[in-house]
Amino acid sequence: MMFSEQDIQQIKNKGITLNQVEAQVSRIKNGMTYSNLIAAGNIGKGIESYNDAEIQNYIKGFEAKQNSLDMVRFVPASGAATRMFKFLFQFLKNFDANKESIEEYIENKNDKLIEIFISGLEKLPFYNDVLIKAKSINPNFDSLNEGEACTAFVKTMLDEDALNYSFFPKGLLPFHKYNNVEVTAFREHLLESTLYASSNNKANLHFTVSEKHHKYFNAELDKIKSALEEKTNTVFNISFSYQKEETETLALTTDNEIYRKEDGSILFRPAGHGALIENLNDLDHDIVFIKNIDNIVVFDDNKGVSEYKKMLGGVLVEAQERAFNFLNQLDEVGVSEAEMLKIAQFITTKMNISIGDEFDDMASEDKKNYLKNKLNKPIRVCGMVENVGEPGGGPFWVKDKNGDVSLQIVEFAQIDIDNKAQAEIVKNATHFNPTDLVCGVKNYKGEKFNLLNYVDPEAAFITMKTQNGTDIQALELPGLWNGSMADWITVFVEVPLNTFSPVKTVNDLLKPEHQG
């Protein structure tokens with residue numbers, strides 16, 4: 001692939017090297033590397049399930065250590081809310097109040113989403129805001145028929161010169177309403193931190209946002225921070241970051257030519273949430289809770305849900321303590337064969353790490369180094385919920401190119417579903433990933449891991465996109481909780497389905513868990 005002098009300068013200006021760009025081209029041309037599934041992670045075979053007494057023990061263990069832990073919540077929040085309103089844009093495009101009634105449209109189009117939206121309209125947290133704005137734009141609003149009024153209402157929500165809700169990120173939309181006061185998802189996440197992720201009355205939160213939305217997040221923070229701090233007796237330390245420009249990737253046409261913009265320059269695109277491993281790596285805390293911005297319930301419900309975050313935290317703290325004790329033991333000169341065997345058993349049974357057959361025949365010093373390399377890694381404890389048909393990744397046992405088997409969160413796009421054996425494994429999956437993680441990112445000496453050393457670059461995604469009417473092959477980096485954490489120690493724990501209440505469409509705000 002030939003690059004011009006202008007190309008090379010553009011690549012250099014982005015903070016990446018020509019070798020990196022050539023590697024991106026090769027990866028797209030060579031196609032995706034599918035995950036080699038060995039089995040689904042199920043209860044007793046990769047997923048831990050605890051009874052009430054065990055759950056309480058883990059919660060108490062976490063609470064006992066909470067004020068000695070330096071914690072942060074890491075919340076990906078850069079996505080615009082456009083997809084939340086996709087079916088409403090389609091409604092505006094397809095519905096004509098002069099030709100049919102709403103009821104006829106719903107029946108003709110079999111549009112269940114619009115039916116749910118209209119029947120629950122008044123329960124939306126922003127209903128009054130939209131209604132007031134719609135009446136200011138349409139002075140005759142009260143005399144409109146139902147179809148005309150619905151059209152005006154939806155236009156008021158979405159039009160650029162009205163409320164323009166689809167422009168804003170989900171985090172800044174009103175998600176809930178308490179006593180006629182609307183609150184954003186962003187505010188709810190600050191409040192949630194006081195339930196489990198604060199230490200000595202201080203809560204650290206880091207949001208990844210898009211640059212164009214940053215000022216709006218700052219404005220919301222200025223508006224709510226003081227009152228929330230007073231209400232919760234908690235000091236909020238809030239930080240923001242963007243996906244780094246150097247993590248963007250190029251795309252190829254279907255003829256494997258580099259896709260270029262009209263001015264001839266190379267098009268570089270954001271490379272998916274896997275790029276956020278860089279942002280996560282820049283933080284300096286002991287423990288990181290990761291959860292998406294749209295998975296947030298009303299506060300009364302959240303009190304119960306958040307107990308399971310403490311449980312996950314307790315599982316991590318215990319796993320770290322045992323791992324750190326063993327690593328300190330391995331640093332000692334006289335560690336015995338019996339002690340190393342005990343460590344090896346812990347690694348396989350509790351940390352889900354495979355030990356190669358060659359281990360038994362190693363010399364004592366080699367065994368020690370082998371165990372240290374296996375155990376001295378970042379640790380993540382991931383909540384897993386029962387599979388009820390939601391889209392998303394799931395827990396699987398995966399064999400890598402070196403023959404090592406480990407637990408991984410695998411997205412559907414990473415699976416060769418045309419392979420009957422792989423499809424059968426997927427069919428047997430019982431749980432899926434709600435993106436509910438707590439991560440230990442420092443080693444037994446208190447030093448920060450370089451998380452970039454634990455990424456599997458082979459786990460990148462290649463997706464077909466359309467750019468200005470042209471089909472392109474786009475490269476996405478290994479997902480944040482997929483290939484970007486491939487070489488972490490992984491523990492999966494079953495959590496209840498009510499810990500997963502994302503807002504994927506505006507209709508989700510009508511569900512009980514989002515009604516104050």
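Which residues does K309 touch, not counting residues up to four places away in sequence? In this predicted model, they are Y196, F289, K291, D436 and T499. K309 itself sits in helix α13. The residue is a lysine, yet K309 counts as buried, because its relative accessibility is 2% and the cut-off for buried is under 20%.

On the α3 side, the contact uses I55, Y58, I59, F62, E63 and K65. On the α13 side, E307, Y308, K310, M311, G313, G314, V315, V317, E318 and E321 take part. By class, the residues of this contact divide into 8 nonpolar, 2 polar and 6 charged.

Strand β7 covers residues 198-199 and contains S198. S198 has a relative accessible area of 12%, so it is buried. Leaving aside neighbours within four places in sequence, S198 is in contact with Q66, M71, S193, A203 and T234. One of these partners, A203, belongs to strand β8, residues 202-208. A203 is buried as well, with a relative accessible area of 0%. Not counting residues up to four places away in sequence, A203 touches S193, A197, S198, T234, V235, F236 and N237. A64 is 139 residues away in sequence, and the two C-alpha atoms are separated by 17 Å.

N233 lies in the loop between α10 (214-232) and β9 (235-241). N233 has a positive phi of about 55°, although it is not a glycine. Is N233 buried or exposed? N233 counts as exposed, because its relative accessibility is 54% and the cut-off for exposed is over 50%.

T435 is found in the loop between β16 (431-432) and β17 (436-440). Here the setting is buried, with a relative accessible area of 6%. D436, listed above among the contacts of K309, falls within the range of β17.

The last stop is a pocket. How many residues line the second largest pocket? The lining has 37 residues, and the volume is about 780 Å³. D400, S406, Q408, D456 and A486 lie nearest the centre of the pocket. Strands β14 (394-399), β15 (405-410) and β20 (489-494) each supply at least two residues of the lining. Strand β15 gives the most, with 6 residues. Both S406 and Q408, named near the centre, fall within the range of β15. By class, the lining has 15 nonpolar, 13 polar and 9 charged residues.

Note on methods:
Residues numbered from 1 in each chain as written. Predicted model: local features only at pLDDT ≥ 70, side-chain atom pairs only at ≥ 80, totals over all residues. Heavy atoms only, no water. Helix = DSSP H or I, 4+ residues; strand = E, 2+ residues; numbered from the N terminus. Buried < 20%, exposed > 50% of the residue type's maximum accessible area, 1.4 Å probe, protein only. Contact = heavy atoms within 4.5 Å. 1 Å grid on protein atoms, 1.4 Å probe; cavity = no way out; pocket = protein on both sides within 12 Å on 5 of 7 lines; lining within 4 Å. Points joined across faces, edges and corners; volume = space filled by probe spheres on them. Nonpolar A, V, L, I, M, F, W, Y, C, P; charged D, E, K, R; others polar.
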